[in-house]
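I opened this notebook to record what I looked up in one structure. The entries follow the order in which I consulted it.

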Amino acid sequence: MAEAHQAVAFQFTVTPEGVAVQLSREALKQIYLAGVASWKKRLARIKNSFLTGVYPATPSSWLAVVVVTVSSMYCRLDLSLGLVGHIRHYLPSCRYLSFQHRTLLSATLFSTGLWLSGILLCRQSLKLLLSYHGWMFEPHGKMSHSTRVWAALVKVMSGRNPMLYSFQTSLPKLPVPSVEATIRRYLESVRPLMEDEKYHEMEVLAQAFKQHTAPRLQKFLVLKSWWATNYVSDWWEEYVYLRGRGPVMVNSNYYAMDFLYVTPSPWQAARAANVVHSILLYRRKLDREEIPPVMTLGLVPMCSSQMERMFNTTRIPGKESDTLQHLSDSKHLAVYHKGRFYKLWLYHGGKLLKPCDLELQFQRILDDPSPPQPGEEKLAALTAGDRVPWAEARARFFSQGKNKVSLDAIERAAFFLALDEEAHGYERDREDSMDRYAKSLLHGRCYDRWFDKSFTLVVYKNGKVGINMEHSWADAPIIGHLWEFVLATDKFHLGYSEGGHCCGEPNTAIAPPQRLQWDVPEECRKVIDGSYRVAEALASDVDFHCFQFTAFGKGLIKRCKTSPDAFIQISLQLAHFRDKGSFCLTYEASMTRLFREGRTETVRSCTRESTAFVRSMMDPARAQLERLQLFQVAAEKHQHMYRLAMTGAGIDRHLFCLYVVSKYLGVESPFLAQVLSEPWRLSTSQTPQQQIKMFDLEKNQDHISSGGGFGPVADDGYGVSYIIAGENLITFHISSKFSSPETDSRRFGRNIRQAMLDIADLFHVPANQVAN
């Protein structure tokens, strides 16, 4: 019963002599240490807020300005041009403030004002410099003289040792493109997809919209861009994600995998412990703002605002719209295993539990023989089904009593952990091993992931891990940053003993995980079953194919003087045409984090140039040199489109926001209605690689990432995610639906392989020479 005594600070019993109070020294000690840790964290946040608020200056620079100003006054040299004397004149005279004291105080006030003015000037100058994007459109490897000067100024203005959020106020706002430019780019993007008659109809609609409706909508949008930090992000989060009433599982959530070839430990509890501890180390760095901001070219900062809600965040269901609940801190973890939920404290004595202590805790859960309570096993299916039944059930059955306490333990947890009973991962002798792995991470059994948490960590029976992410709070590069840190820390910094267990000796006196208690009535179980049926039907319809393309990688592509992303995107166009015999509207996600609170923009990869190249590949009469020239033109066009999207000159976010304004104003636009109803039958995304340089990938080829993926966007389309891992490997994640007679993920995978090889042949570089 030692754990029970440590769980409370004091106990009392009523006796004939009165109330006898027994203090638990150990419990009081834990409370004291926890309080000290909390105050340290608060003080650290105050300190970081101050340092971020005055960046690129430092407290020492303020002291230097004060010293110089005061010294000049004693040397009878007034650098303030009389302002110090003017300030002194307005200071009150009293016996406590002599003339010298008032002079010193005046000099300090003047120095502080000068220092703050310098900070504002530097920030505005840096914001102006970061608004320049001409460097992005210059040929690779060639930099103009003006860009060199710009880069030098940015480096000078950026200061030294920035914290995570140091550049936030210096980032420019996302600009609102002109209506004329957006419509022109839109019509250009759909021209290769439409017959002449259909295209003419769209031109008429676009012209009418530009002349009559758009000017009014654009004025409101420009007004919002002046007032708001970002004119897109809040509406994108609300209307694209939080207002969706269908399941977030498959339709919105996405996943990331473990190392492809390596499993650091085969023991489930040990691997879970190291990975959880690594995640908590990242969270501590995040809280302290010790993570340096991501810099493009090592020079241009990207927005870090999405990282704020990575932990302690849950999507809360509502009837019309969901909300995001974010807490400043959480000291526990929610765990699921064999149909049972647990609450596991992550701190002891005010300090993070060591990996060996966490391994002990997870092993206690794995060894627990108790069965699930009635209605508990499939409870999480509520988060996998439609949103309205979940919102109604939450309000009716989980708003009071033990159900509310247990639900709060899950929703207020740092994140969610699923200890799976299955084994997954890459198996060389099993062709569908990666397909099964991907489906497990994307939807699992539909009730063993809490799909509303910011992310669910999944640890399999064989030690393999993965992660499932809710999409509304952030995009893939953000969680990718965390995941790279976690995998590298787990393997290269924490490590394991020779037997595969966590290093060190655990503290067996730590209280075991707390089993969450539920009272799920029969009526609620019917709702759970209904959500489960919806989710199961959706999950069983997902056709997934994940494969490694090993013929070549970015090494060969770069030797061909082509962007790897453009090479793959054009290969996808060729593969899709061979697969379906037609072109389709293609979505490639690009980021807009060069702007404050930027998220994503769409690159419409199916262009006139790419379709011309594809048609040349389908025509046996076309010469290889002509095909190569068409490919190079298409690749250059794709790169240009990508750069436009990154620099705020995209198409789709502008049209989306115009559509939202039209709905607020009650204005009907046939043009906007047509644009936003067009299906994306090919949705693509590249998984970023090595955002954090924590180990040398070239020397550790076995530790290549498997990347991640997502479900199909259209019922009759494909979802394709790819990661360019190393010089000779590209991993593809392809999703579609079994219910569509037009799609087959394996068939599309074969077409992608062949398209990649056929395009490589145009450059006369045999794939088997890559290693040489």
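**Entry 1: a hairpin.** I began with β6 and β7, which a hairpin of six residues joins. For the names I rely on DSSP runs numbered from the N terminus, helices being H or I runs of at least four residues and strands being E runs of at least two. The model is a predicted one, in which local features need pLDDT of at least 70 and side-chain atom pairs count only at pLDDT 80 or more, while totals for chains, interfaces and linings use all residues. Residues are numbered from 1 along each chain as its sequence is written, and side-chain values use heavy atoms, with hydrogens and water left out.

I noted that β6 (residues 313–316) and β7 (residues 323–326) pair in the antiparallel sense over four bridges; two strands pair if DSSP finds at least two bridges between them. I found Gln 325 of β7 to be the bridge partner of Thr 314.

I then asked which residues of β6 are buried on each side. Thr 313 and Arg 315 are buried on one side, and Thr 314 and Ile 316 are buried on the other, which leaves both faces of the strand covered. Buried means under 20% relative accessible area, exposed over 50%, and partly exposed in between, with a 1.4 Å probe and protein chains only. I recall that in a regular strand the side chains alternate between the two faces of the sheet.

**Entry 2: the sheet of eight strands.** I traced an open sheet of eight strands in the order β15-β9-β8-β12-β13-β14-β3-β20, with mixed pairing. Its edge strands are β15 (514–515) and β20, each pairing on one side only. Tyr 254 has Phe 710 of β20 as its bridge partner.

I also looked up the helices on this sheet. Helix α10 (residues 268–287) lies across β8 (332–337), β12 (416–419), β13 (455–459) and β14 (465–469), and runs at about 150° to β13. Helix α15 (residues 476–494) lies across β3, β13 and β14, at about 160° to β14. Such angles run from 0 to 180 degrees between N-to-C directions, and axes are lines fitted to C-alpha atoms, for helices over the stretch in contact.

**Entry 3: the sheet of six strands.** I read the order of a further open sheet as β16-β22-β21-β19-β17-β18, six strands with mixed pairing. The edge strands are β16 (542–549) and β18 (600–604), each of which pairs on one side only. On average, neighbouring strands of this sheet are turned by 20° against each other, direction ignored. Strand β17 (residues 586–591) runs antiparallel to β18, joined by five bridges, and I found Val 603 of β18 to be the bridge partner of Glu 588.

**Entry 4: a helix crossing.** How do the axes of α8 and α21 cross? The axes of α8 (residues 196–227) and α21 (residues 652–665) come within 9 Å and cross at roughly 90°. That makes α8 roughly perpendicular to α21, a term for angles of 65 to 115 degrees. The residues in contact (heavy atoms within 4.5 Å) include Phe 209 and Arg 216 of α8 and His 654 and Cys 657 of α21. By class, I recorded eight nonpolar, three polar and one charged residues in this contact. Nonpolar covers Ala, Val, Leu, Ile, Met, Phe, Trp, Tyr, Cys and Pro, charged covers Asp, Glu, Lys and Arg, and polar covers the others, Gly among them.

**Entry 5: single residues.** I looked up Ser 705 in the loop between β19 (682–686) and β20 (708–710). Ser 705 is buried, with a relative accessible area of 16%. A polar atom of its side chain lies 3.0 Å from the backbone nitrogen of Gly 707. Not counting residues up to four places away in sequence, Ser 705 touches Asp 258, Leu 260, Gln 689, Ile 723 and Ala 725.

Phi of Val 250 is near 75°, and phi of Leu 297 is about 60°. Are Val 250 and Leu 297 buried or exposed? Val 250, in the loop between α9 (233–242) and β3, is buried at 1% relative accessible area. Leu 297, in the loop between β4 (295–296) and β5 (300–301), counts as exposed at 68% relative accessibility.

Finally, I noted that Pro 355 lies in helix α11 (residues 355–367) and is buried, with a relative accessible area of 13%. Its C-alpha atom is separated by 9.8 Å from that of Tyr 496, 141 residues apart along the chain.

Notes:
A polar contact is a pair of N or O atoms within 3.5 Å; within protein, one must be able to donate a hydrogen and the other to accept it, and residues adjacent in sequence count only if both atoms are side-chain atoms. Angles under 35 degrees count as roughly parallel, over 145 as roughly antiparallel, 65 to 115 as roughly perpendicular and the rest as oblique.
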